[in-house]
Each structure stands twice: as C-alpha cells, then as structure tokens.
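Try each task before you read its solution.

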Amino acid sequence: MTTSAVEATPYNFAYLDEQTKRMIRRAILKGIAIPGYQVPFASREMPMPYGWGTGGVQITAAIIGPDDVLKVIDQGADDTTNAVAIRGFFARTAGVATTTQTGEASIIQTRHRIPEQPLQSDQVLVFQVPIPEPLRFLEPRETETRKMHALEEYGIMHVKLYEDIARHGHIATTYAYPVLVDGRYVMDPSPIPKFDNPKLHQSDALLLFGAGREQRIYAIPPHTDVVSLDFEDYPFEVQTFDEPCAICGTRGTYLDEIITDDKGGRMFVCSDTDFCERQVARNQGVQNQSSAAASEKTEMTDA
Amino acid sequence: MSDILESPRPAAGGAALAGGFAQPVVDAQFVFRSVMEAFSRPGRSIALPTRVAPPPPLTAEAGAIALALFDQDTPIWCDAPLAGDPALRNWLAFHTGAPVASGPDQAAFALISACDRMPSLSGFAQGTAEYPDRSTTLIMMVDTLMSRDIVRLEGPGIEETETIAPAPLPVNFRDQVRANHALFPRGVDILFASPGKIAALPRSTRIRANASREG
C-alpha cells in the first residue's frame, strides 16, 4: 500500500516537496506548544487560488500519510466545489482514501464549520483561515498587532464588542467570533459561526489552523480551555433556530437558509450534509422498524 | 574537510551514508505524526518504532526525529558527547544538512545525550515576546520514561492530569521546567526520546504540585 501509493503518482506524495513539509511540520509543532499563537511560515503557492483554502491544504499535505482517511467540508457540505476539488487533489496526489462520513475520517479539512458529530481523540481538524489576526480590522499594522499579542493588550477587542452593544443592543459578531485560548492568546477561530465556538473548548481532537495568503499557522491542542470573549452582563450566546431542519427534522443543529423560489419561499436545512443524511437514514430506519413491528406484532428481542 | 580526509575513508563514508530512512517520504511523515501526537498530549508515551540506525551515542528514536525535522534551515546544537563524535557529525550532515549552531542560544534544535549533565534550559533560545516560536526544541535522549520519579502534569492537551517520569535528569529539572513555563509564551519545548517511545513537555505544560517526592 505505502510503496504503490507513493510511486504510482507523478506528483510528490501529497504535492509538497519534503523540505516544505518539514518547514510546515516545525511550524505546526511550535503552534501546538504555544496554543493560539500565530506561527509565521513560508507559505507556498498551491495549484489553487488564495481564498480557496491554500493554508488548510498545506497543513493537510504536511500531516497526511498513506493510511489517513480524508474528509473535506465547505460550510459543512461535502459536495460543494471547494470540498470536492480539495478531496480530489489529495486522492490524486497522495492516493489516500477519502470519505464524507465524519466518524470515518482521520483528517477533516474544513472551511467555516465544525461537524455536528463530536470529534474523537484520533482525529485532526484542519481549518482554512482567510484572516488569522483577530485584531486586524481594528489595527491594520502587523508590527502593532504583534506587540499587542506580546503584551497581552486586548482591550481594543473588548471595546469593539462594547461598540457592538452600544450600536445594536447586543454583540453583533456572528462568525469569526474571537476567543481566548488557555487564558493567554486572543485568537480568530476562522469564520466558523459562533454556534461552533463552544466545540473548540476542551475538544477531544487536535485543531490546526492554516492561513495561506497571510502565511500563518496556529493550533489548539486537545483539552484546552477556549473561551469566547464577552461581558458579565452580555454573556456569549450561540445562534438558535426556531424551526427544525426541513430535511431531517433535527433540532439544535446549525441551519442554512435555502431560497426555493422568487416569491419569498425559503427553507432551513442542516449545514452539515453528512449529519443530515445520516439523520434521514436513521429516521427511515426507525419508520421501517416501527412499521414492520406494527404489521407483524412480534416480540422484539433487540432494539 | 580535513576530518573526512583524516578519518578512515571507507568506514566513515559508509557509516555516514547508511542508517537513514528506508522510505524517506513515508517514514518522515510517520515520525512527524508521532511527534505531533506527543506534543498534542504532553506527557503521554507515544510509540515510535523505527529502524533508523545512527552512529551511537545517538539513539534510533532521536535519529529518526532528527531526520524528520532537521534540514538546512535549522541550526542544531549537540551536547559534548555527541559533538565530539565525527562519525555522528558526518551522519547528521549527510542525512539532514543541518548547520551546527554557534551556541545553544542559537539552536533551533538541541540533541542531548547526557541528560543528567545537560546545561540549564535557560541557556537555550527562548524566543522573543513577539516571536516566541523562535526558540529551541530540545531532544533529550533518556533511558526510560517510567522511572520512579513521577511528575504530574496539567495544561493544554491534558484532560485531567498526566504523569511523566523520564530518567536520568538533572537534579533541579523540575525547577527548571517551572521556570520555563513561567516564561510562557517564551521558553523551550522538550521531546524525550527513550527506547521505542517518545513523550513531549512543551512550554505550555504546568507541573502540578503534589505529594510525591520532589526532584
């Protein structure tokens, strides 16, 4: 398996050359040792445009091995352009197995979501990050933001959240909601909805973040305290939805709005397509089971 | 150059060329994932089976880590028993191309074989407040990870508590590790390499005060 996977392709295994992988691997190790700190790295040009996940792709390429099973999601979906392209990229250049099932993957590369199904300790979640610096829109100079991180000077971020409240009556940040990692670094969790922020806290899985254009890698090790910034009188809250998913009927998942016609018709469905499909299959299984039980009226030995 | 000419050519050359990864791409990835797992779960022993065969006193595990992570961009520092061995120097030079650091405070990686006589952690590169990643990663070759001198750990990567018990270590190692953590986010990161197993002690890890005997 290993030999054929490496030799059967005209590409270097997982596209990147070995020296680039070593450089990225060293940055990943420093990132894990300093949770939430953005490690600079010499990001390479990848055969896809910036903004399509070049940072995440480089991390995945540096960590993936022949035995890994890769899942790629884009806003929760396995079947959107970005996810299909990146999955195909690694199937071709690394010869690895791919999956859409969250539970079967050893590496999950994601754009802007964390899967609904809780991750396991043997999984790694790789985030694609557009702007890694949480202070960037408040302070455009890298020299200054670096100093602010060094001095743990994060007052400006709280002022920003306060201004949200003054203007809108609540904290209006709904995605890329800033977090404090292990009580030290304020970090941008990438543009995941704040609905997913609680999953960062004490995660069983290692979380790696890659920003290709901005040339930064950072990490949250498993079982690390990750606190979403807030105020005592305006505590952090996640989005809630009034309706269940229109496809699988599950409540408590993150929903996407789908416009169905030009007359204002809309539906809300799970953004995590794998989760939604499995819920549908489970519902059908329960229906089949109950209808079978009703028709036969036999004694059930196992549920 | 003079080293190479003076040393018995065939033996030294052969030794320097042999003992690397059998499959450099796959083996480096495997070793890196083991190291990443170790850093993600500080203190936990991670199996590292390897057939890398560096010249002694460099161990197979430390040699494999060196091959996976060192290259021309990483100045390395070796402690006296390693630095004094030309065969080892040639082996590292051939397989990794890593330059020798002018001092421990200039090193990206440090290879340490005599851990009980090693220099203080504060002598290595600590990184800066703005770039704490520019610090030394120490690869310490220990005889065991399961000595009787058990240290309890907590921090990122550790669910409740974890224990680690490498030996041999310098007498005041706990105090050094505490001081190293107190510098956070600056400080060094440590990777223990014992026969068949590795374990990490990154700067983020705290030593728990406990009742067991102090080192």
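The exercises below go through the chain contact, the salt bridges and the cysteines.

A word on conventions: this is a predicted model, where local features need pLDDT of at least 70 and side-chain atom pairs count only at pLDDT 80 or more, while totals for chains, interfaces and linings use all residues. Residues are numbered from 1 along each chain as its sequence is written, chains are lettered from A and ligands numbered from 1 in the order in which they are written, and side-chain values use heavy atoms, with hydrogens and water left out.

**Exercise 1. Describe the contact between chain A and chain B.**

Step 1: count residues. With contact meaning heavy atoms within 4.5 Å, chain A brings 42 residues and chain B brings 42 residues.

Step 2: get the area. Buried area is the accessible area (1.4 Å probe) that two parts lose on being put together, summed over both. Here that comes to about 3400 Å², with carbon and sulfur atoms giving 59%. On chain A's side, A:Arg26, A:Leu29 and A:Lys30 supply 19% of the area that chain A buries against chain B, more than any other three residues.

Step 3: look for polar links. A polar contact is a pair of N or O atoms within 3.5 Å; within protein, one must be able to donate a hydrogen and the other to accept it, and residues adjacent in sequence count only if both atoms are side-chain atoms. Between the two chains, 17 residue pairs are in polar contact (both at pLDDT 80 or more).

Step 4: find the main contributor. Helices (H or I, at least four residues) and strands (E, at least two) are DSSP runs, numbered from the N terminus. Helix α2(A) gives the most to the side of chain A that touches chain B, with 11 residues.

**Exercise 2. Which residue forms a salt bridge with B:Asp71, and what does the pair join?**

Step 1: apply the rule. A salt bridge is a side-chain nitrogen of Lys or Arg within 4 Å of a carboxyl oxygen of Asp or Glu. The partner is A:Arg22, with the closest N and O atoms 3.0 Å apart.

Step 2: B:Asp71 sits in the loop between α4 (60-69) and β2 (76-78) of chain B and A:Arg22 in helix α2 of chain A, so the pair joins two chains.

Step 3: check burial, where buried means under 20% relative accessible area, exposed over 50%, and partly exposed in between (1.4 Å probe, protein chains only). B:Asp71 is buried at 0%, and A:Arg22 is buried too, at 17%.

**Exercise 3. Work through the salt bridge of A:Arg216 and A:Glu142.**

Step 1: read the distance, which is 2.9 Å, N to O.

Step 2: place the residues. A:Arg216 is in strand β9 (residues 216-220) of chain A and A:Glu142 in helix α5 of chain A, 74 residues apart, linking distant parts of the chain.

Step 3: A:Arg216 is buried at 13%, whereas A:Glu142 is partly exposed at 26%.

**Exercise 4. How many disulfides are there over all chains?**

Step 1: take the cut-off, a pair of cysteine sulfur atoms within 2.5 Å. The search finds zero.

Step 2: A:Cys248 is buried, at 6% relative accessible area.
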